[in-house]
Amino acid sequence: MGPSEPRGRWLLRPRARLVGVFGAALLARVALVLYGVLQDRTLLVRYTDADYRVFTDAARLVADGRSPYRRAAYRYSPLLGWLLAPGARLGELFGKLVFVACDLLAAVPMYRLQLLKGRGPRRACADCAFWLLNPLPMAVSSRGNADAIVAALVLTALYLMEKRLVAAAAVVYGVAVHVRMYPATYVLPVALHLLAQRGGGGGPRPPRGSLQARCRDLPKRLCNRAALLFVAVAGLTFFALSFGFYYKYGWEFLEHTYLYHLTRRDIRHNFSPYFYMLYLTAESTWSFPLGIAAFLPQFILLSAVSFAYYRDLVFCCFLHTSIFVTFNKVCTSQYFIWYLCLLPLVMPLVRMPWKRALVLFMLWFIGQLLWLAPAYVLEFQGKNTFLFIWLAGLFFLLINCSIIIQIISHYKEEPLTQRLKYD
């Protein structure tokens, strides 16, 4: 603020608004972390995520020079244990503060992406506020869930892609896939997007041929420098991390970090429409084939979305993540963070009446509440409500599919006409 500039005028500047939003978001998250300490000590239902205890125990093992996989139920990259290892000496809340920091840092590439797409600072700040002041990301990170790390990595990779720093984006993307496997589905739309930019990306669209012709021509079209550079650098980053941790921790690293998630059959109650089927067939010889077959709807839908919307990479990745989470074999509340971090970037291009958007938003929350009611009865009262949980999960699936269809129907692709300069 200049010496002669009135304080009130400075407070109305976009940069001041952004600082205010970040400050409010930080205070809210820190307050929730402190509240969690109180609730954990006084109430039966703990505020802290059950996985956070797993993280902190694994971090103590890493700090002592031992394998994090000596902690039962640790199914994550050792990178997470290494990141939280200082918490063994700095205190129990260290990991939560790291996740809160990543939650806040995710808004930085989000804001800059908005500016690169030609949106004004005020609109960019307002869209970032949807993430920063959203109760769900606040609760997830303050409870000790690590998905904010992946959200920050994915957004950073997309920002670097928009800046056309392909190699840097590939490095960040490779780390993101190593930490969580779901961003691996972005490979096809990223490659198609880089292909579209080969000729400058600003001209008219090429005429659409048949789907069969485009699929047949795909291998030849993908052989361009940018696409090959991205795949090579991302692959080298991923395999370098994997090889290094395999060398240190052996087979248990591959088993718990990658193979477990590919063959996972979680029969505990969750939002997935498949959980009841997997629960009833847990002891059957059909259990494993059914679990593998559950990937088929995801594969078909993700492939179709890739070819339809690859030109708008952020929107395509949003659809990818929404479809992946909606049709996944396991779906819990923290998985919603995976696509909610991309929603602020998509909202300006979804020209939906606000009343319809409000109805969809209410339906999304109602669907979760209808699922949580029988889930609470099962978990805390011990009554068999599996059938009701499954029916609520099917209803929630219908709601999510309707929301995705509505977003696609009201999406209006907007060509970039101007890139704004910013500090």
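**Loops, helices and contacts in a predicted model**

Student: Let's start with a loop. Where is Ala73 found?

Tutor: Ala73 sits in the loop between helix 3 (50-63) and helix 4. Keep in mind that this is a predicted model.

Student: What is the phi of Ala73?

Tutor: About 75°. That is a positive phi, although Ala73 is not a glycine.

Student: How does Ala73 count by relative accessibility?

Tutor: Ala73 has 42% relative accessibility, so it counts as partly exposed.

Student: And Arg164, what is its phi?

Tutor: Near 65°. Again the value is positive in a residue other than glycine. Arg164 belongs to the loop between helix 10 (147-162) and helix 11. Its relative accessibility is 46%, so Arg164 counts as partly exposed.

Student: Zooming out. How many helices and strands are in the chain?

Tutor: There are 23 helices and zero strands.

Student: What share of the residues is buried?

Tutor: Of the 423 residues in the chain, 47% are buried.

Student: Among contacts between residues at least 6 apart in sequence, what share joins residues at least 24 apart?

Tutor: That share is 73%.

Student: Back to helix 3. Which of its residues are buried?

Tutor: Tyr52, Val54, Phe55, Thr56, Ala58, Ala59, Leu61 and Val62. These buried residues pack against helix 4 and helix 6 (94-105).

Student: What should the span of helix 3 be, and how far apart are its end C-alpha atoms?

Tutor: Helix 3 has 14 residues, so at 1.5 Å a residue it should span 20 Å. The end C-alpha atoms are 21 Å apart, which agrees.

Student: New topic, helix 14 and helix 15. At what angle do they pack?

Tutor: Helix 14 (residues 225-249) and helix 15 (residues 251-262) pack at about 130°, and their axes are 6 Å apart. That angle makes helix 14 oblique to helix 15.

Student: Which residues meet there?

Tutor: Helix 14 brings Phe238, Ser242, Phe245, Tyr246 and Tyr249. Helix 15 brings Trp251, Glu252, Phe253, Leu254 and Tyr258. By class, the residues of this contact are eight nonpolar, one polar and one charged.

Student: Which residues of helix 15 are buried?

Tutor: Phe253, His256, Thr257 and Tyr258. They cover an arc of only 140° around the axis, so they are on the same side of helix 15.

Student: What do the buried residues of helix 15 pack against?

Tutor: Three helices: helix 4 (78-84), helix 11 (166-179) and helix 14.

Student: Now single residues. Where is the place of Phe130?

Tutor: In helix 8 (residues 121-132). Phe130 has 26% relative accessibility, so it counts as partly exposed. Phe130 touches Leu343, Pro344 and Met347, leaving out residues up to four places away in sequence.

Student: How far apart are Phe130 and Cys341?

Tutor: They are 211 residues apart in sequence, but 9.2 Å apart in space, C-alpha to C-alpha.

Student: Cys128 next. Is it buried or exposed?

Tutor: Cys128 is buried, with a relative accessible area of 1%. Its place is in helix 8. Not counting residues up to four places away, Cys128 touches Ala107, Met110 and Tyr111. The C-alpha atoms of Cys128 and Ala106 are separated by 9.5 Å, with the two residues 22 apart along the chain.

Student: And Leu155, which residues is it in contact with?

Tutor: Setting aside neighbours within four places in sequence, Leu155 contacts Ala106, Pro109, Met110, Leu113, Cys341, Leu342 and Leu345. Leu155 is found in helix 10. Leu155 is buried, at a relative accessible area of 0%.

Student: How far apart are Leu155 and Val314?

Tutor: 159 residues in sequence and 9.1 Å in space, C-alpha to C-alpha.

Student: Last one. Where does Gln334 lie?

Tutor: In the loop between helix 19 (313-326) and helix 20 (337-340). Its relative accessibility is 15%, so Gln334 counts as buried.

Student: What is Gln334 in contact with?

Tutor: Asp49, Asp51, Val140, Asn145 and Asp147, leaving aside neighbours within four places in sequence.

Note on methods. Residues numbered from 1 in each chain as written. Predicted model: local features only at pLDDT ≥ 70, side-chain atom pairs only at ≥ 80, totals over all residues. Heavy atoms only, no water. Axes fitted to C-alpha atoms, helices over the stretch in contact; angles between N-to-C directions. Helix = DSSP H or I, 4+ residues; strand = E, 2+ residues; numbered from the N terminus. Parallel < 35°, antiparallel > 145°, perpendicular 65-115°, else oblique. Contact = heavy atoms within 4.5 Å. Nonpolar A, V, L, I, M, F, W, Y, C, P; charged D, E, K, R; others polar. Buried < 20%, exposed > 50% of the residue type's maximum accessible area, 1.4 Å probe, protein only. Arc of directions from axis to C-beta. Expected span 1.5 Å × (residues − 1).
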